[in-house]
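Subject: Structure handover

Hello,

The structure we spoke about is below. My notes on it follow.

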Amino acid sequence: MQHLLPLPMEIFLQYGLALFWTITYILIIFRGFQDRTCGMPLPALCANITWEFLFAFVMPFHPLQMIVSLVWFLLDCLILFQYVHYSKKAYPPRTLLPVVFSLLVVALLLHVGMVIEFHDQEGKYTAFGINLMMSILFIALPFKQGMKGQSLYIAYYKMIGTLCASVLCYSLYPDSFLLTIMGVLVTIADLVYIGVVHRVSVVAQGQVPIQHTLNK
């Protein structure tokens, strides 16, 4: 571990990461209740909630991170409730609940396997892997459900929170090509997501014909 940035800047990035991602979760929950949907893709949600469970209850590596992980875990539990509650009309409970439970188990096992394989007691590789998967899956959401569960505020706060994490991670692990490339890819995907949400929101407001927007 290195420290390319001064300690006050690293602390600022840590608090920025915690703050902006917490705001993102709250906005997703608020918009989900407003639109009666879930604003997070299920695979990303299952990966998130199991990571937070692992590093809040099983393998906490820092008191502050444990508190933040616990807060995120509780917020993700609420988002998971939204997914199950609002998906009951589309999927029967006898199918939906086993699928959700299976994804949670698979995600938890993969996290544990990555921690052991990469000797990653801080969960940084899995965290950035989740972020990359989430950013890619978020791009598809507006095409599937329009602006239901989505907003530009969610897109911007998500990008800022992840950008704080990427800069901080590069400061601490500048020699890790894998972490660096994942940080860059997440930032690119977040910018694409912002662009997609902006275009879909413009179409939803009736400012541009949908065919014209998609052709571009």
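A residue is called buried under 20% relative accessible area, exposed over 50% and partly exposed in between (1.4 Å probe, protein chains only). With a relative accessible area of 11%, serine 201 is therefore buried. Serine 201 lies in helix H7; helices are DSSP runs of H or I with at least four residues, numbered from the N terminus. Leaving aside residues up to four places away in sequence, serine 201 touches Met147 and Leu152, where contact means heavy atoms within 4.5 Å.

This is a predicted model, in which local features need pLDDT of at least 70 and side-chain atom pairs count only at pLDDT 80 or more, while totals for chains, interfaces and linings use all residues. Residues are numbered from 1 along each chain as its sequence is written, and side-chain values use heavy atoms, with hydrogens and water left out.

Helix H2 (residues 42–58) is mostly covered, with 13 of its 17 residues buried. The axes of H2 and helix H3 (residues 63–86) come within 8 Å and cross at roughly 145°; axes are lines fitted to C-alpha atoms, for helices over the stretch in contact, and angles run from 0 to 180 degrees between N-to-C directions. Among the residues making this contact are Trp51 and Phe55 of H2 and Trp72 and Ile79 of H3.

The largest nonpolar core has 57 residues, and Met40 and Ile79 have the most contacts inside it. Such a core is a set of buried Ala, Val, Leu, Ile, Met, Phe, Trp, Tyr and Cys residues joined through side-chain atoms within 4.5 Å. Methionine 40 touches, among others, Tyr25, Ile79 and Phe138.

Regards

Definitions and conventions. Helix = DSSP H or I, 4+ residues; strand = E, 2+ residues; numbered from the N terminus.
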